[in-house]
Every structure is written in C-alpha cells, then in structure tokens.
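Visitor: Could you walk me through this protein, step by step?
Guide: Gladly; here it is.

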Amino acid sequence: MEWDSNSDLSDDEAVSFMLNDDDDDAVGPLPFPVLQTAPCGFVVTDAVEPDHPIIYVNAVFEMVTGYRAEEVLGRNCRFLQCRGPFAKRRHPLVDSTVVSEIRRCLDEGVEFQGELLNFRKDGSPLMNRLRLTPIYGEDEITHVIGIQFFTEANIDLGPLPGSTIKESTKSSDRFHSVLSSLNPVPVGDRNVTRGICGILQLSDEVLSLKILARLTPRDIASVGSVCRHLYELTKNEDLWRMVCQNAWGSETTRVLETVPGARRLGWGRLARELTTLEAAAWRKLTVGGAVEPSRCNFSACAVGNRVVLFGGEGVNMQPMNDTFVLDLNSSNPEWQHVQVSSPPPGRWGHTLSCVNGSRLVVFGGCGTQGLLNDVFVLDLDAKPPTWREISGLAPPLPRSWHSSCTLDGTKLIVSGGCADSGVLLSDTFLLDLSMEKPVWREIPVAWTPPSRLGHTLSVYGGRKILMFGGLAKCGALRFRSSDVFTMDLSEEEPCWRCVTGSGLPGLPGTGNPGGIAPPPRLDHVAVSLPGGRILIFGGSVAGLHSASQLYILDPTDEKPTWRILNVPGRPPRFAWGHSTCVVGGTRAIVMGGQTGEEWMLSELHELSLASSVS
Ligand SMILES: Cc1cc2nc3c(=O)[nH]c(=O)nc-3n(C[C@H](O)[C@H](O)[C@H](O)COP(=O)(O)O)c2cc1C
C-alpha cells in the first residue's frame, strides 16, 4: 500500500496489499483473505457522509484507471461504470444485477464480492474483481474499504468518441509500464520478483540515492508497493526529503521546512498530502490587535510565518504607508504596527512581494500624486527595520493593479496593470534585486496576451510563469477573463503561450476551455503548489458564481485541464488577490471579511493544504 508511512494500518496489514516478494510467507495473518500477486486498487469511502464519497485512493488505482486522486476524491466510485469522464450514465454493458447487489450489501452493511465491468478515464474497458468491506466504528459503519483487482477486459468497444490523446504520459506512467510488465502474474508463481531481482541486488544506498531519490512523490509511493524491500526503503524520511527536494526544488523544500509542525508531519506524509490534497480544508482564524485606521486595497505578503500588510486606501481615498505584521508562529497571533523608518509614499493598488527569504518589495500603486513606479525594499529582520528605495534604472511605466511575482528568490517580475488615463498594459518587466545596482529589463516578446489588470502571475517548474485572468482588453471593450498564458523564462527567447482560454475572439489557442474552467474573474488569488499545479479562487466574478470555489490546473500536463477541488470547512465569502498571501507553501491566508465598506482584519480565513501544519 502506498503513502502509508503514517497510516492507521499496521505494517503487516500494509504489506498485505503489496505484490508478494520472495519471502512473503513471513507476512503474518491477513486482515482480508485477498492477497493478490499483482498490485490492487485500494479505495476508502466515508460511510457517514451521504453517497460514500471517496476519501482515499492508492497510486495503483490512479495508474490503472487513469483518474488522479484529486479528480475522484469526494465522488462516489460509480463513475468507473461510465465510459470516460464525460459519460453521464452507466454503460449498458455493466451488469446491473451486480450493481444492485453492491447496493444491497452496502445498505445491509455486509461484505460484497463480485466482478463487474469498469472503464478507465480514456474509455478503455477493465474487468474489476471488487471486494467491499465495511469498517465498523462504535455502533455504525464509518468507512468502506474497496479492493479492486483489475484485469484487461476483452471487449472491443472502439475508441472513445473525440479522444485522440491518451491521458498523461508523464513520469508516473513510466512506473505504470514497469508494473504492467510484472502484471498479470499467475497466482502462486513463486518467481514473481524475477523481473526486479536485478534491481534488488543493487545496494540500498544506490537504490535510494540513485534511483528512488530521482522519482516523483507519486512514483515513490507506487514503487513502495512493488515489494517489501522497496517498501522498507521508501519509509525513510531522508529519502522522502530528497524526493521532495528533487521534485519540487530546494527553495520550495526550504520553505516547507520552516512551516511549524511540518517536521512532525514528516516528508512522506507532507508529500502525500500536497499531492493528493486530501487534507485540504478551510478554517477560520480570529486574531488580536488591530490594523488602524481601517482600509481596503492594501497588499499582504508572507515572510516565513509572518504576514506583512502594507499601505492601502483609507477613508476619502487616503493612500496609506504604514506596515503591520502578524506572526502566525505565536500562540495568540496579533496584528502589530511596526515602526519603520523612511516609509515609501502612501499607496493602494500596489504589489508586495518577498525576496531573499526575508525582504519585502513594494512596487507601484496609486499615491496622492497619481500612479507610481518606484521600488522600496524592507528587511524585516534588520534592527531597526528600514524601508530603502531602490532606484532601478529604466523602470516600467507607473501603474496600479498590476501583477508581480518573485523568480529564483531574487528577481521581481511585474506585468500589466493600469497606466495613466486608464490605459491597460501588456508588458512584462524583470528587476534583479541581487545586483548592487538593479536595472529594470523588459522581457522582449513577439506577441503579448491582451493587456489587462487584476490578473495573477504564478511561478511554477522553477523558471516558468503563469498568468491567469484579470480584466482584459478586447477591442474597445474590457472583459473579465479566465485565460491562462505561460512563459518559460529559462528559454533564450521567452515567449507567451496560450494554454487555455475563455474563447475570446482573436486569441490563439482559445476556445478549448479544457475541463470546468473557473468563471472569468479579476483580483483573484493564485496559489502555486509544490510540483507546479496552480490553485485559483476568489476575486471579482460576475453573476451568481461562488468566488470561494477552488479550481486547480496542472500547466505541466500534456493537455492542461481545470478541475474543481472540493474542500471541507468554511470558505471566505470574498478573497481579493492583494489581501491574501501564501504562507510556507501550504497555507493561503485570506485577510478579513468585508461587511459593507469595512474590512474586518481580525477575521482571517485559512486554506490549509496539509494537516496539522497549522
Ligand atoms: C469503497 C467502495 C468502493 C467501490 N469501488 C467500486 C469500483 O471500483 N467500481 C465500481 O463500479 N463500483 C464501485 N463501488 C460501488 C459504487 O460506488 C456504488 O456503490 C454502486 O454503483 C451501487 O450504487 P448505485 O446503484 O447508486 O450506483 C464502490 C463502492 C464503495 C463503497
């Protein structure tokens, strides 16, 4: 079984779900008489919630069915009876008497065993020898465990209409082929591990450092299910740390290490939770202190576990220039006004970014004299903390409601926004703050996405940036957008690429919304997850759509597809881009509920992506 270094099952129970290795006789009594010689799908549903939502699937389930955990968590397993992700009904070849029998067994709380036709995400048929076991709590069934022994179904149904590309051929599929070369293995064959003996003869050090450490967290979880020896190796915390570092980059791993409780959670568990997002939840926080005078249109940013708030628009459009800090490490976090010398001129509609781990950078915004294009840096840990103006040569046009992000920990990227007389911009500038005399550099591109304000820029995969949404210019009009553009800044001649769009006329690559795209919006929140996925929520959305609905996109997919992520807890009603920040890569903090004109900064909402790190 995968991902289970901290699971509730004992090691023996866990091992019983794995491919046998040579000395499997040593495995003690089995919790279920289902030991198979090939990896099984393993699903757990919540029997207390209506309609048995899935709360866990293992990597074998993901690899065999082609559905990823985040696509299926929260759903009932019956989608496997539909041919492909868009089919609405059970396929007519699925035996309805077996389905009725499952229903009866679930209703009566007894075990089910039987075989039925299922379908992979790409529409190809699979036979599923299914065993369902209800798990009793004190006096009721709390969970049901499903063990699926999948085999190929010899039915030729032809290709799924409209499907040309086989889903994801990324690294996890490399292990799919390894596993399928071992599968099916005849029951009772004592030589099941013959194909991998060569690997197992390598020393543990070579196996760990040269092979396992280079795989993705998903792959490691799968490899652990191949045999007991690999399973033991994959329980090592140092290995998991290396895997996370190789898969997500050392900067992300460094940030994750600073998250309180992360060490206790362990890298294996953290990797699993950040991959499956199974522990993601909303939670409300009440904090002390006050941000006074009250304001809106401020900017917030995290420095380690401290949230910093700068500026904003006070009463009568008064631009503010004060700095507040909220230390989330403290047992009773309180907003504290920080006395900082030489503050920048007051402003709103600016951006606040973090560079070099502890320095904050303010750029642009709207001040008393109009729009700004100045840059100020604050080292929060300096004694006393002082704002310092950086006179970056050749600055971009003054602007507000632009978007910023940090590349390589030291470079500020600024894109778009609103210039004088309300003109929207489409340029992208970079300022390398590691230089003694930083110089602004416009990134030259042959084509730019339509000019816009209120969009987000996120960094993923090291040096790639992703632009989402905003209020975009289209001819003489301006529309909220849900367009996604990416640019790889490690390329010699970086260029914008349209990934998926809302179908605005004239945009290359648009009209293929790829999944359930988030409704068009501006001033939303974008969170970059380790591994490259981007999570979107909040902002200004037209109509009755809920802004707190979470959407997730993996821009590294061959065909990036939006998915909805359902998360328990109480989300905020509003979440505006500049009033939120991401702490330690695992927590998105939304500042303040809004009642009329007032921002209540004592009320925060937190979207935590991993358990007990908060
Ligand atoms: C833990 C668990 C795992 C299940 N796994 C599968 C599965 O792999 N394939 C499948 O076709 N149905 C599976 N089911 C059954 C369906 O979820 C559903 O209960 C069945 O289709 C009967 O309900 P329905 O008539 O409302 O669809 C599973 C159910 C549970 C509780």
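Guide: Helices (H or I, at least four residues) and strands (E, at least two) are DSSP runs, numbered from the N terminus. This is a predicted model, in which local features need pLDDT of at least 70, side-chain atom pairs count only at pLDDT 80 or more, and totals for chains, interfaces and linings use all residues. Residues are numbered from 1 along each chain as its sequence is written, and side-chain values use heavy atoms, with hydrogens and water left out.

Visitor: How many helices and strands are there in the protein?
Guide: Let's count DSSP runs as just defined. The protein has 13 helices and 33 strands.

Visitor: What share of the residues in the protein is buried?
Guide: Buried means under 20% relative accessible area, exposed over 50%, and partly exposed in between (1.4 Å probe, protein chains only). The protein has 614 residues, and the buried share is 55%.

Visitor: How much of the accessible surface belongs to carbon and sulfur atoms?
Guide: Accessible areas come from the Shrake-Rupley method with a 1.4 Å probe; for residues, only the protein chains shown count as cover. The accessible surface of the protein is about 26800 Å², and the part belonging to carbon and sulfur atoms is 52%.

Visitor: How far is an N or O atom in the side chain of R103 from an oxygen atom of the ligand?
Guide: A polar contact is a pair of N or O atoms within 3.5 Å; within protein, one must be able to donate a hydrogen and the other to accept it, and residues adjacent in sequence count only if both atoms are side-chain atoms. C77 has a backbone N or O atom 3.5 Å from a ligand oxygen, while R78 places a polar side-chain atom 2.7 Å from a ligand oxygen. For the side chain of R103, the distance is 2.4 Å.

Visitor: How much of the area that the ligand exposes alone does the protein bury?
Guide: Taken alone, the ligand exposes 610 Å². The protein buries 94% of that.

Visitor: Which residue of β14 is the bridge partner of V362?
Guide: Two strands pair if DSSP finds at least two bridges between them. Strand β13 (residues 359-367) runs antiparallel to strand β14 (residues 370-379), with 8 bridges joining them, and the two form a hairpin with 2 residues between them. In β14, the partner of V362 is F376.

Visitor: Which residue takes a positive phi in the hairpin of β12 and β13?
Guide: Strand β12 (residues 351-355) pairs with β13 in the antiparallel sense over 5 bridges, and S353 stands opposite V361. In β13, 9 of 9 residues are buried. This hairpin has 3 residues between its strands, and the one with a positive phi, near 55 degrees, is N356.

Visitor: Which residues point one way from strand β29, and which the other way?
Guide: In a regular strand the side chains alternate between the two faces of the sheet. β29 (residues 550-553) has all of these residues buried. L550 and I552 point one way, and the other way point Y551 and L553.

Visitor: Which residue of β30 is the bridge partner of I552?
Guide: On β27 (residues 534-537), joined to β29 by 3 antiparallel bridges, L535 stands opposite I552. Strand β30 (residues 563-565) also runs antiparallel to β29, again with 3 bridges. There the partner of I552 is R563.

Visitor: Why does E257 count as partly exposed?
Guide: E257 is found in helix α11 (residues 250-257). E257 counts as partly exposed because its relative accessibility is 29%.
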